[in-house]
Amino acid sequence: MSPRLSTPLTELIGIEHPVVQTGMGWVAGARLVAATANAGGLGILASATMTLDELAVAVGKVKAATDKPFGINMRADAGDAGERVDLLIREGVRVASFALAPKPELIARLKEAGVVVIPSIGAAKHAKKVAAWGADAVIVQGGEGGGHTGPVATTLLLPSVLDAVADTGMPVVAAGGFFDGRGLAAALSYGAAGVAMGTRFLLTSDSTVPDAVKQRYLAAALDGTVVSTRVDGMPHRVLRTGLVEKLESGSPARGLAAAVANAQKFKKMTGMTWRSMVSDGLTMRKGKDLTWSQVVMAANTPMLLKAGLVDGDTEAGVLASGQVAGILEDLPSCAELVPAIVAEAIEQLNAATGLIRE
């Protein structure tokens with residue numbers, strides 16, 4: 001039997017390897033999540049881009065394909081968050097993942113049902129807050145990561161978070177810039193309990209992203225991403241495409257007009273009412289201190305991402321990406337990727353131990 005890595009994360013969730021596939025909108029569907037789970041990692045379904053009914057179908061597909069633990073990523077501020085939590089509990093899903101920290105009452109409800117609660121956070125103070133609220137673990141993403149990201153690199157953000165929650169014993173999962181066993185070994189050496197990866201899992205044969213789009217990612221250089229605020233008003237790391245260049249150089253008014261049109265498309269596709277969209281917008285505006293212009297731009301994001309990641313239109317869509325796209329060159333299956341990362345991490349850790357002299 002091959003050696004394995006046992007960490008507070010693997011013990012908490014009951015997974016074989018301390019490797020997490022993040023809940024990427026339009027990417028982390030049933031096929032990718034089940035493949036990750038079967039490979040021994042933690043796959044997380046992205047529910048923000050699904051209707052409640054679509055989420056129920058996706059959960060059923062994952063359960064039909066694997067008996068291993070998996071998770072669901074949710075928006076705690078969504079209008080139907082309560083119904084999604086009901087579904088998660090009813091279906092016995094192991095992990096609830098959140099981009100925005102859920103309130104203490106919701107955390108308590110989930111934990112009472114035996115669900116592991118893992119919010120994503122971007123600062124040490126947020127980690128301390130959710131630890132006090134009862135969260136079981138946190139994912140901390142440094143600035144190298146794709147999608148919404150912060151300005152601080154993982155190498156500094158991770159130790160700051162680990163120090164902040166050291167007295168709680170809460171497991172910290174590192175994200176942002178991870179793609180191989182060397183990174184996993186480094187994260188464990190810092191004191192993390194595992195790593196979470198988005199772009200690396202997007203670039204697997206189990207990902208449903210169109211092949212032509214995957215090739216666009218693989219062709220990117222290390223400087224092939226940019227952090228733009230023109231996509232949705234918040235810092236968003238994406239591939240440098242023609243559309244992104246236009247957004248960066250175009251007028252804010254034109255971008256706002258396009259955002260309103262795309263918000264209308266997203267409303268029609270998801271069945272949301274304007275009332276629920278405005279309600280979500282009010283919550284988002286209050287929670288993130290956004291202008292109304294930024295709120296409308298945020299409503300625009302799902303359609304721009306769908307155009308690229310689902311429809312394969314790299315000219316009309318936005319491709320969220322971590323900087324690791326510039327170093328990746330292959331499309332392994334999850335069954336190949338996860339064990340290879342763990343094996344390399346063990347090799348690296350053993351080599352590092354050999355440096356010690358009495």
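Predicted model: local features only at pLDDT ≥ 70, side-chain atom pairs only at ≥ 80, totals over all residues.

**Stop one: helix α3**

Select residues 52-65, and you have helix α3. How far apart are its end C-alpha atoms? They sit 20 Å apart, and that agrees with the 20 Å you'd expect because 14 residues are counted at 1.5 Å a residue.

Now colour L55, A58, V59 and V62, the buried residues of α3. They cover an arc of only 100 degrees around the axis, so they end up on the same side of the helix. Want to know what they pack against? Show α2 (30-38), β2 (42-46), β3 (71-74) and α4 (81-90): the buried residues of α3 pack against these.

**Stop two: a pair of helices**

Next, select α6 (residues 124-133) together with α7 (residues 154-164). These two pack at an angle of about 35 degrees, with 8 Å between their axes, and their crossing is right-handed. Show side chains for A124, A127 and K128 in α6, which meet S160, V161 and A164 in α7. Sorted by class, this contact has four nonpolar residues, one polar and one charged.

**Stop three: a glycine in a loop**

Finally, click G143, in the loop between β6 (138-141) and β7 (147-148). Is G143 buried or exposed? Its relative accessibility is 9%, so G143 counts as buried. Leaving aside neighbours within four places in sequence, G143 touches T149, G150, V152, A153, T154 and R237.

Terms used. Residues numbered from 1 in each chain as written. Heavy atoms only, no water. Helix = DSSP H or I, 4+ residues; strand = E, 2+ residues; numbered from the N terminus. Expected span 1.5 Å × (residues − 1). Buried < 20%, exposed > 50% of the residue type's maximum accessible area, 1.4 Å probe, protein only. Arc of directions from axis to C-beta. Contact = heavy atoms within 4.5 Å. Axes fitted to C-alpha atoms, helices over the stretch in contact; angles between N-to-C directions. Left-handed = near helix turned anticlockwise from the far one by under 90°. Nonpolar A, V, L, I, M, F, W, Y, C, P; charged D, E, K, R; others polar.
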